[in-house]
Amino acid sequence: MRRYWLMKCEPSAYTIDDLERDGRSSWEGVRNYQARNFMRDDMRVGDGVLFYASNADPSGVTGVAEIVRAGYPDAFAWKAGHKYFDADTRRDAPTWYMVDVGFVARFGAVVSLETLKNTPGLETMMVTQKGSRLSVQPVTKREYDVVLRLGRR
């Protein structure tokens, strides 16, 4: 069964334009246990992804991607000196995981957080909830479809 996700990234780190150029990319550096669990346990090849630019002006969904490689250990956790290094993670029992995402489409304009908050059908979408800071979030098929319609306008 196909699942749907919203994945946040700051434009200073990586954008939908970067993903379009690269075609696919690893989604590494997630250091939150709940987000890690989604990537490790729940994401599957073919799942849909809403690519969300966080801390942007405006913040919002900039395009669509898909999972092209399911969860695997985040090798940066073992790379001493790297910003995602974690001295406590072990190769025989990795703490951190990542997935690979592939480019699907870039929206003509950002579907802003404000738009998401004011669109019928998205009232309970995790990203619209106060205090929702998780960088990897599940999205229902209905929410995903509504955002796609908004992005294709």
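**Figure 1. Sequence separation of contacts and overall build of the protein chain.** Among contacts (heavy atoms within 4.5 Å) in the protein chain with a separation of 6 or more, 74% are between residues 24 or more positions apart. This is a predicted model, in which local features need pLDDT of at least 70 and side-chain atom pairs count only at pLDDT 80 or more, whereas totals for chains, interfaces and linings use all residues. Residues are numbered from 1 along each chain as its sequence is written, and side-chain values use heavy atoms, with hydrogens and water left out. The protein chain holds four helices and six strands; helices (H or I, at least four residues) and strands (E, at least two) are DSSP runs, numbered from the N terminus. Their order from the N terminus is β-α-β-α-β-β-β-α-β-α.

Figure 2. Along the principal axes, the C-alpha trace spans about 45 × 30 × 30 Å. Of the 153 residues, 46% count as buried; buried means under 20% relative accessible area, exposed over 50%, and partly exposed in between (1.4 Å probe, protein chains only). The protein chain exposes about 8,200 Å², of which carbon and sulfur atoms supply 47%; accessible areas come from the Shrake-Rupley method with a 1.4 Å probe, and for residues only the protein chains shown count as cover. There are 23 positive and 20 negative side chains, with the centres of the two sets 2 Å apart. Lys and Arg count as positive and Asp and Glu as negative, while His and the chain ends are not counted. Each charge is placed at NZ of Lys, CZ of Arg, CG of Asp or CD of Glu.

Figure 3. Strand S1 covers residues 4–9 and includes Leu6. Leu6 counts as buried because its relative accessible area is 0%. Beyond its neighbours within four places in sequence, Leu6 is in contact with residues including Leu50, Tyr52, Val61, Met125, Val127 and Gln137. Lys79 is 73 residues from Leu6 in sequence, and the C-alpha to C-alpha distance between them is 27 Å.

Figure 4. Gln137 belongs to strand S6, residues 136–139, and is buried, with a relative accessible area of 1%. Its side chain makes a polar contact of 3.2 Å with the side chain of Ser132. A polar contact is a pair of N or O atoms within 3.5 Å; within protein, one must be able to donate a hydrogen and the other to accept it, and residues adjacent in sequence count only if both atoms are side-chain atoms. A polar atom of the Gln137 side chain also lies 2.9 Å from the backbone oxygen of Leu134. Leaving aside neighbours within four places in sequence, contacts of Gln137 include Tyr4, Trp5, Leu6 and Lys8.

**Figure 5. Arg24 in strand S2.** Arg24 lies in strand S2, residues 24–27, and counts as partly exposed at 43% relative accessibility. The side chains of Arg24 and Asp100 are joined by a polar contact of 3.2 Å. Phe103 is 79 residues from Arg24 in sequence, yet their C-alpha atoms are 6.0 Å apart.

**Figure 6. Packing of helix H4.** In helix H4, residues 141–151, the buried residues include Tyr144, Val147 and Leu148. The buried residues of H4 pack against S1, S3, S4, S5, helix H3 and S6.
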